[in-house]
Amino acid sequence: MSLSLPQIEGIAPDQASLKAAAKLMKPGKWPLRSRDANSQLIWGECQGSGSNPYRVMADVTDLGYKCTCPSRKFPCKHSLALMWMYAEGAGDFSEGTVPDWVTEWMGRRRNTGTATATGGDDNPKTAAATKSIAAATAAEPAKPVDPKAEAKKKAAAEKRAIVTRESVQLATLDLEQWIADQLRGGLATFQSAAPERCRRIAARLVDAKAQVLAGRVDELPSRIAGLGTEERLDALITELGKLVLLVRAWRQNPDDPALHRSVIAPETREQILDSDALSVSSRWEVAGERISTRKDGLVSQATWLHNLQAGEQRFALLLDFFPAHLGKRSSSFTAGEQFDATLKFYPGPQTLRALIAERGTAEHGDASWLTPSQGDNIFSRIHQCLDAEPWAMTIPLMLPAGQICETGSGRWWWQAKDESTALPLTGALDAVTRGIALDATIGLWNGSRLDPVTALSNFGRVNFG
Amino acid sequence: MAEIENELAAIKGRWMSGLAGSDAASANWKTLIGSGTEAELRLLALTGQALQIGFVPVPSDKLQPSRPLPELSLPVMPQAARHSFRRAMADNAQDTQITMQILELVESRGYSAHPFDWMPRSSHSSDVPALYAPWTDWLNNDVGKPQQETLSEENWDGWFPAERRSAFTALRTIDPDAARELLAAKALDVPADERLRLIDLLSNRLGESDIAYLESLEKDRSGKVKTRAAQLLARLGACASDAELVAELAETLALKRAKLLSSAKAVIPKKLKNNAQRKRRLELFSLVPLHALANAFELTSLQFVEGWDLATDERCNHAFISMVANTGDDTVPAVLASRIVALKDDQYALYELIPRLPGTVKQQLIGDALAIEGDLFQLAVDLSRPALGQLKLESINKSPDYKAMTTAIAEIAKGATNRKTEIALAHCYTTLGLLLDKKGADAAIAQVIASGTLASDPQLNMLQLNAALTPSSRSIK
């Protein structure tokens, strides 16, 4: 099976998409490019602007395609780039077994009827006239560098940074005052009015450009509401206390990257990749994924990885946000998938959030977990994290052998096999999950509950959630 | 610790009602926090950290470990096969029969399903392979504890019901008399539905020594149990029958010479005048035992089955087959099944007889079943159960349906499209996936792919599952 460039021109939604696809025609952006034995299916992983790569797949026979990116153009630039690269050099695509995520897409296509091969302009003649690969690859004339304009731009950026800092400074004081007001008004009253009150202060924080802090405050009521009535007061006090600590720490050191990330905005991908941030090359396993829609209309996609080789850096978090109105986004990874990669970690006292700097093409699935021993103190690990970052919200834990237990009140707990430690669990677990013997568990501790992500059990590896 | 706990409780209590928490703080903390609004904010940060660091979660009640899910006698299938298994199960989620066939395929390769991929449900509890009896009992929350020893009167109550049935089957196979005596002693202690399932198991190694017990069940509280016992007695030729009903049914049948110069007899359903008569005849087949009807024509059961004319009345055939399946002795179902398969037509009528056929007879019939054109290997699957996934490709690739399948694949590869053919092909791939051994499945997949179908095509899910199930040391050899 072969693909021709006119075919790709034909399905491109517009010239801009072809232009964007041309910029992705670099092997370095594609840690994985494969095809099946019959050269009918092609698939790849493209490292986009987010932390999670995009999974792209196409059926060469009918030009069907699918990409996990949130683009609303069909096909997106990633799909076009994959097909384009294949059209120009099928030999660069390694022959491989069709992965499950491609098979699942194929299954859905077959069940719902074959996808139409023509996207965008249906008429190939007019399409060719309006969209051109040649034009997309044509070198753009270099824009002359205007030193004056550059200096002006830089000065404006510096001015913006100062304005933002001053604005956030005031906003954090405003937040403290708001917290004090809630204490004065009584936390009993606050609990019943929390969503509305948090929404209002979060809006003020957004106006003041403290975006990340605003998101945290806005999400506070839903985090509290997920707990039992008797736990809510403690959780509320803890969370408000953490906010006080965070804003004060930021005011003390507004240039600290970790604090800036927790209050205003994270660094860009390029900033992290170009920096001398901690870099760890290892074999990683995808523990699981947590996707949640936030009040501010963003969907948070968190992929948790754990290190399968010895080292200090046990966990990594690939975190992306995208607007909820773009619809459901497919997962970038499959739980249990293992791969070699160099991760670059966002700097901070707790290095957790990371980016994939370089990914090996070979996938492995046979490395075993570095399981903790029964005597390991889970709470000292939690305390260690809180000592370094007292406002931390989520702490990943690797727990030793244990079992799921129930209290008389119908709550579920994870309990160590030697009964030395017990942690309450989030949500409900089905009977089968509760019945398995857990040899090791990876979970996310939020200060009140453990969200189990994955485990090794007497029935092999199991995923929760 | 109690001191700080009390202090924090007092602070929290004051904040709840809008009072200053700092008034309840200890002297040590007061020196740290100062006074006014600033004191409240500092106290809030301190209290929050104290709650995070100073206390560990303690359950309000004693923790009760969840009931452990029992491990089965076979290991769970390899991780690599689980994805194919889930897809095959999802494809056939609405068809309990195929679902059970998939489980049998997995079991015959020496594995069990992963509990996260499949668990028995109450809706199909009676069809679930015995391998999963511990999970059925676990799901039903049945009390008792798993037993390792042989089932006996003493330990009867200590068994989970599903596991007890498995143990009873084993006992009946080894020592039929001991099993019957045990059932006679304990049957009345179990509910009617369970009693019916256990009495059903007496059909295994049914013999004259069972007659007295089966006759005693005539007084059972359950009508279903009485009917089942009567059917088992009929198989032994020991069931009393209503002479009037037998005569009424015999009136609707005719005994004729099979061929002009032959002494063989043919039993032919008479042409009846109206629907009411035809309906009544069908009903009589379910009320009269085979041996009594044969006697009415002065024939043995075997002669009657051999002489039954399968060419006259299809509905009558079905009723007659049911009668043979329920009340015929152990020799006649095989004879009737062979006759039906030889006709190469209406093989669906055979299904009722299959549970009564010995394994050797089923094996012999598979070859004939594969020769039936248009069956798409379905009868071969039914005859192979529960030992699915064992058939070699060489024993199947000469069959008319396999040849037709190969031709259809080639035509589709050339671009021909025919929805009917595509549906038939998908069905073939499924049945082949259930029938073939791993080598055969690999070869079939290769053949289909070579003709242009994608390896990931969902139609191949069953074949892909088969190919992923490398036989374990516990597989059926």
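A residue counts as buried if 20 or more other C-beta atoms lie within 10 Å of its own, as exposed if 12 or fewer do, and as partly exposed in between, with C-beta atoms placed from the backbone. Keep that in mind as we walk through this predicted model, in which local features need pLDDT of at least 70, side-chain atom pairs count only at pLDDT 80 or more, and totals for chains, interfaces and linings use all residues. Residues are numbered from 1 along each chain as its sequence is written, while chains are lettered from A and ligands numbered from 1 in the order in which they are written.

Let us start with helix 22 of chain B, residues 438-450. Helices here are DSSP runs of H or I with at least four residues, strands are runs of E with at least two, and both are numbered from the N terminus. The 13 residues of helix 22 of chain B reach 18 Å from first C-alpha to last, close to the 18 Å expected at 1.5 Å a residue; the expected span is 1.5 Å times one less than the number of residues. Its buried residues are G440(B), A441(B), A444(B), I445(B) and V448(B). Seen down the axis of helix 22 of chain B, these fall within an arc of 135 degrees, so they line one face of the helix; the arc is that of the directions from the helix axis to the C-beta atoms. An α-helix has 3.6 residues a turn, so residues three or four places apart point the same way. On the face turned away from the buried side of helix 22 of chain B sit the exposed residues K439(B), A446(B) and A450(B). The cover over its buried residues includes helix 20 (400-413), helix 21 (419-435) and helix 23 (461-468) of chain B. After helix 22 of chain B comes G452(B), with a positive phi near 110 degrees.

Now turn to helix 5 of chain B, residues 96-108. Among its buried residues are T99(B), I102(B), L105(B) and V106(B). Helix 4, helix 19 (378-384), helix 21 and helix 23 of chain B are included in what covers the buried residues of helix 5 of chain B. G110(B) follows helix 5 of chain B and has a positive phi, near 95 degrees.

Where do the two chains meet? The contact takes 43 residues from chain B and 55 residues from chain A, two residues being in contact if their C-beta atoms, placed from the backbone, lie within 7 Å. On the chain B side, helix 1 (2-16), helix 3 (36-53), strand 1 and helix 4 each supply at least two residues. The largest share of that side, 11 residues, comes from helix 3 of chain B.

Two residues let us look at this meeting place in detail. S66(B) lies in the loop between strand 1 (64-65) and helix 4 (79-91) of chain B. With 19 C-beta neighbours inside 10 Å, S66(B) counts as partly exposed. Not counting residues up to four places away in sequence, S66(B) touches Q403(A), I404(A), C405(A), E406(A), R434(A) and G435(A). From the other chain, L386(A) belongs to helix 13 (residues 378-388) of chain A. L386(A) is partly exposed, with 18 other C-beta atoms within 10 Å. Leaving aside neighbours within four places in sequence, L386(A) is in contact with A392(A), Q52(B) and I53(B).
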